[in-house]
Each structure stands twice: as structure tokens, then as C-alpha cells.
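Look at the structure first, then read the points below.

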Amino acid sequence: MIASTDYEVQLLNLPQPDFSIAKTDIHYLVNCAYQMSAFAGLHPVEAELTVGEELSRLARLSCHRQPSIEVLSYEDMILANPVQSDPRVYCLGAAGVEERDFCLGHQLIESELQLAIDALLELRDAAGADARECLAVCLEHLESANYVLTRFYEHMSPDLFGQFRVFYGKKPYKNRLGPSGRFSARIVAVSVLLVGEELFQQKPQFYRDVYRLSEYYPQGFIHEVFRWLSPDNRSAELTPTWLEGKADFPRSATISPVMERHGNGIGKLRASCVYALDQFTRMHRITALKHTVEPGRPIIGVEASESIEVVLSQRLLTAARP
Ligand code: HEM
């Protein structure tokens with residue numbers, strides 16, 4: 001089908017919103033062909049033939065137009081997937097509904113995180129910002145994110161989750177990680193803004209992992225966060241000097257300097273935000289254990305050399321009580 005028409009030109013000329021969906025479709029197809037080949041035990045050469053030269057070329061082209069990892073990404077699956085109007089899913093029936101709702105829940109949480117980030121950016125960057133109001137808005141949206149995540153924990157069927165999860169496993173034949181929530185740039189952004197310095201002191205591995213695995217994140221957004229963390233304008237691609245212990249952590253990326261200017265008055269409100277973010281991480285951890293780790297399902301966003309438990313706790317601070 002693909003060979004019979006010049007889809008390359010069509011793809012390159014699509015307006016951006018349509019292009020993002022087309023890219024998602026292409027990578028859903030490619031991923032499906034590799035996963036099915038692996039289930040069938042095909043040799044890598046046969047797997048390549050199954051995907052086909054034309055589809056592979058379209059996949060490469062789509063990553064050329066919108067730089068991203070060359071396999072199905074978190075951005076394709078969650079951010080570009082039109083789940084409310086025309087969802088892209090692998091499963092039919094009840095498992096397909098659960099799969100769609102899984103993507104939708106992620107989207108809802110991403111929207112709440114964006115609103116929390118907007119409030120924190122205003123606090124950090126706008127001269128006349130009402131600090132109390134910004135933190136109150138941030139808290140409200142972090143609590144909404146927690147609310148959605150708790151519904152996941154309570155209502156998502158581990159059995160149906162297992163049925164669709166197999167399609168999103170680590171990339172067979174490619175030695176690449178799958179589209180995991182680990183690659184949400186907004187989780188990174190909100191963590192940096194709120195507790196960036198404490199995280200660096202207590203969990204420097206978190207930053208090492210974000211830089212090491214940066215190509216898996218939505219590129220535009222993660223590079224924006226890297227720019228905050230690179231106030232000296234050094235190439236945001238490189239591991240920053242502060243992470244190598246050769247410079248101080250760039251506090252200006254976080255709300256800490258603003259908090260100091262305001263004194264103790266709003267400290268309690270910030271502590272409540274930190275607590276809400278920590279609650280998110282704790283609730284997420286028990287959700288991941290219930291649906292993935294304990295039933296022994298594939299882990300898709302953790303490398304073989306890493307410990308799943310360490311990854312699930314990588315952003316938890318030792319003291320986060322308001
Ligand atoms: C039922 C819902 C969920 C389950 C079962 C789940 C499961 C997992 C698992 C197993 C991991 C380890 C890496 C992997 O294999 O993918 C992980 C990591 C991660 N997931 Fe999720 N996840 C869920 C929802 C979410 C949502 C809604 C978000 C937020 C956008 C999210 C963000 C993360 C993050 C940031 C990590 C890295 C660990 C951390 O920093 O806390 N997850 N998740």
C-alpha cells in the first residue's frame with residue numbers, strides 16, 4: 001500500500017497537528033510489526049522485511065522532520081495520540097477501552113502538570129507575581145494530578161493492563177526503551193522548579209539519568225528544561241558542569257531564590273506543594289507495583305543495568321512533610 005503512492009511528499013507537507021498524528025500512526029505500525037515479529041521469533045533480517053523498506057523510510061523521515069527517538073515514543077503515544085476523538089490503540093474490546101483510558105489519564109495528568117508548571121514559571125520569572133496565588137494554583141493542580149492517578153490505581157484492571165502492555169515493550173531488535181511515563185518532560189520540569197536543588201543534593205542520579213536518556217523525552221520540552229539548567233548558555237546537549245561537580249547548581253532554574261526573597265510567609269504553602277509532588281511519586285510507585293512489577297509484566301522504561309525500585313523512587317526526597 002505504501003509503495004504505491006508517494007507518501008513521503010504528503011508527509012512532509014502536512015500541517016504540524018496532522019503531521020504529529022501521522023507520525024504516531026507510522027510509529028504505531030512500525031512498533032506493531034517489530035513486536036509481532038518478536039512474538040513469532042523471527043530473525044532480525046526477517047523482522048526488517050516484515051516492516052518493509054517503505055514504512056522504515058517513512059518512519060525515518062518523520063523523525064527527521066520532528067527530531068525524536070527513532071522508535072515509538074512517549075510523545076507519539078500520549079501527547080500526539082488523539083485519544084478523545086480518534087484514539088490510536090492496539091487492542092479491541094475491553095482491553096482497547098482500557099488502553100485508550102490509560103492514554104487519556106496520562107493526558108489529563110500532563111495537562112494538570114502543565115498548569116502547575118505555568119504557575120511556578122510565573123512565580124520564578126514574573127517580577128510582580130503574587131507568590132501566594134502562584135503556589136496555591138500549583139498546589140491545586142498537583143492535587144488534581146494525584147486525584148487522577150489515584151483513580152488509575154483504584155480502577156484500572158491489572159488484567160486488561162497486561163493485555164495491552166505487551167505491545168509497548170522495550171523495542172525488540174533495537175536495544176531501545178519503550179514509551180514510558182518516565183519520559184514525561186513535565187514531571188522533570190515540575191520537579192526542577194519546585195525541588196530542583198534538593199533533588200540535586202539528595203538524588204543526583206535523577207539528573208544523570210535525565211541527561212543520559214534525554215533522547216527519549218519530548219525534545220522541544222526537555223531542551224527547554226535543559227536551557228533553564230544551563231544559565232551560562234553552554235550547549236544544552238552536553239552534561240552540565242554542575243553535574244560533574246565543577247560548578248554550583250543553577251538555582252535560578254528553580255523557585256528557591258524567589259522563596260528566599262519572600263521569607264517564611266509562604267514557606268508552608270511551598271512545603272504543601274512539595275508534599276503533593278511526593279504524594280504523586282508514592283502513589284505512582286504503588287500503582288506501578290500493582291499493575292506491572294508484582295504481576296511480573298515487562299518493564300519498558302528501565303534499562304537492564306538499572307533497578308526498577310530505584311527508578312520508581314528516584315525523585316523522592318527524604319524530608320517532604322508540610
Ligand atoms: C497505571 C498507571 C501507571 C503505571 C502502571 C505505571 C508504571 C510505571 C512503571 C512500571 C515505571 C518504570 C519504568 C517502565 O517500565 O515504564 C514507571 C515509571 C515512571 N512513570 Fe509511570 N505508570 C503509570 C502512570 C504514570 C503517569 C500517569 C505518569 C505521569 C505522567 C507516570 C510517570 C512516570 C515517571 C516519571 C516514571 C519514572 C519514575 C519517577 O520519576 O517517579 N506514570 N511507571
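A crossing is left-handed if the near helix is turned anticlockwise from the far one by less than a right angle, and right-handed if clockwise. This is a predicted model: local features need pLDDT of at least 70, side-chain atom pairs count only at pLDDT 80 or more, and totals for chains, interfaces and linings use all residues. Residues are numbered from 1 along each chain as its sequence is written.

**Helix packing**
- Helix 6 and helix 9 (residues 185-202) cross in the left-handed sense. Helices (H or I, at least four residues) are DSSP runs, numbered from the N terminus.
- Their axes lie 9 Å apart, at an angle of about 30°. Axes are lines fitted to C-alpha atoms over the stretch in contact, and angles run from 0 to 180 degrees between N-to-C directions.
- Helix 6 is therefore roughly parallel to helix 9 (angles under 35 degrees count as such).

**Ligand shell**
- Among the 27 residues around the ligand, Ser 180, Gly 181, Arg 182, Ala 288 and Gly 301 come nearest. A residue is near if its C-beta atom, placed from the backbone, lies within 6 Å.
- Helix 6 (93-125), helix 7 (131-155), helix 13 (267-293) and helix 14 (308-312) each give two or more residues to this shell.
- Helix 13 gives the largest share, six residues.

**Domains**
- The chain splits into domain 1 (7-66) and domain 2 (103-156 + 181-312), with bounds from an automatic or database domain assignment.
- Their C-alpha centres are 31 Å apart.

Definitions and conventions: Angles under 35 degrees count as roughly parallel, over 145 as roughly antiparallel, 65 to 115 as roughly perpendicular and the rest as oblique.
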